[in-house]
Amino acid sequence: MPFQDLVLKTRSYRRFDQAAAVSLDTLRELVDLARQAASASNIQALKYVLSADPETNARIFPLTHWAGYLPDWGGPVEGERPTAYILILGDTALHKDFETDLGIAAQTIMLGATERGLGGCMIGSIKRESLRALLEIPEKFKLLLLLALGKPVEKVVLEAMGADGNIRYYRDADGVHHVPKRPLAEIILRQF
């Protein structure tokens, strides 16, 4: 698939076919892509916790918050929940700043997932200390981001931001997820 198509298809999906399992081998392949991507000062301070186990996933799910712009939606229902998770951690013994590496790694994993016919959602709104306890993560690791993965069962459509400037995503009556995007002319500040 051409790179532009891969990027455009890599969306935040929030509903999945829970019967379509994602293997630990696939999760390891995705993390291996991130491992080989760029890292600030090549410190490689990110670590990962992988879950493809339905029982563990069922315990992770209540520790997540989904779709802040959809306050009446409590997240995916049973049957549409993620079938895998990748928790990205920062090893504070190696470094204290993870922003650059986190962005590179998370997007690399999501692009790799899309290439494999999967989709996912990067979730920053998680119950960190509960996840730490559940997954037995030592204190030296900072919980950065949870990637929820699976086979998407929803349609996500990009559209131009309206004249009102509203960038809030929404679902229409048919359940199609619409994501308004700012125009290119608005985000390029200067050209020389």
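This is a predicted model: local features need pLDDT of at least 70, side-chain atom pairs count only at pLDDT 80 or more; totals for chains, interfaces and linings use all residues.
Let me begin just after helix 5, where Glu136 takes a positive phi of about 55°. Helices here (H or I, at least four residues) and strands (E, at least two) are DSSP runs, numbered from the N terminus. Residues are numbered from 1 along each chain as its sequence is written, and side-chain values use heavy atoms, with hydrogens and water left out.

Staying with helix 5, which covers residues 128-135, we find that Leu131, Arg132 and Leu135 are buried. Seen down the helix axis, these buried residues fall within an arc of 105°, taken over the directions from the axis to the C-beta atoms, so they line one face of helix 5. Buried here means under 20% relative accessible area, exposed means over 50%, and partly exposed lies in between, with a 1.4 Å probe and protein chains only. As for what covers the buried residues of helix 5, the list includes strand 1 (46-51), helix 3, strand 2 (84-91) and strand 4 (141-150).

Ser41 is exposed, with a relative accessible area of 67%, and Asn42 is exposed at 51%.

In helix 2 itself (residues 24-36) we find Arg28, which counts as partly exposed at 44% relative accessibility. The C-alpha atoms of Arg28 and Ile86 are separated by 9.5 Å, with the two residues 58 apart along the chain.

Now to the pockets. On a 1 Å grid over the protein atoms alone, a pocket is an open set of points where a 1.4 Å probe fits, with protein on both sides within 12 Å along at least five of seven lines, and lining residues have an atom within 4 Å of a point. A volume is the space filled by probe spheres set on the points.

The largest pocket has a volume of about 290 Å³ and is lined by 16 residues, of which Arg11, Ser12, Arg14, Val179 and Lys181 lie nearest its centre. Helix 4 (99-115), strand 3 (119-123) and strand 7 (177-181) each supply at least two residues of this lining, and the largest share, four residues, comes from strand 7. By class, the lining of the largest pocket divides into eight nonpolar, five polar and three charged residues.

The second largest pocket has a volume of about 230 Å³. Of the 15 residues that line this second pocket, Gln18, Pro54, Asn57, Pro82 and Thr83 are the closest to its centre. Helix 3 (residues 54-60) gives the largest share of the lining of the second largest pocket, three residues, and by class that lining has 10 nonpolar, three polar and two charged residues. Nonpolar here covers Ala, Val, Leu, Ile, Met, Phe, Trp, Tyr, Cys and Pro, charged covers Asp, Glu, Lys and Arg, and the others, Gly among them, count as polar.

Technical notes
Contact means heavy atoms within 4.5 Å.
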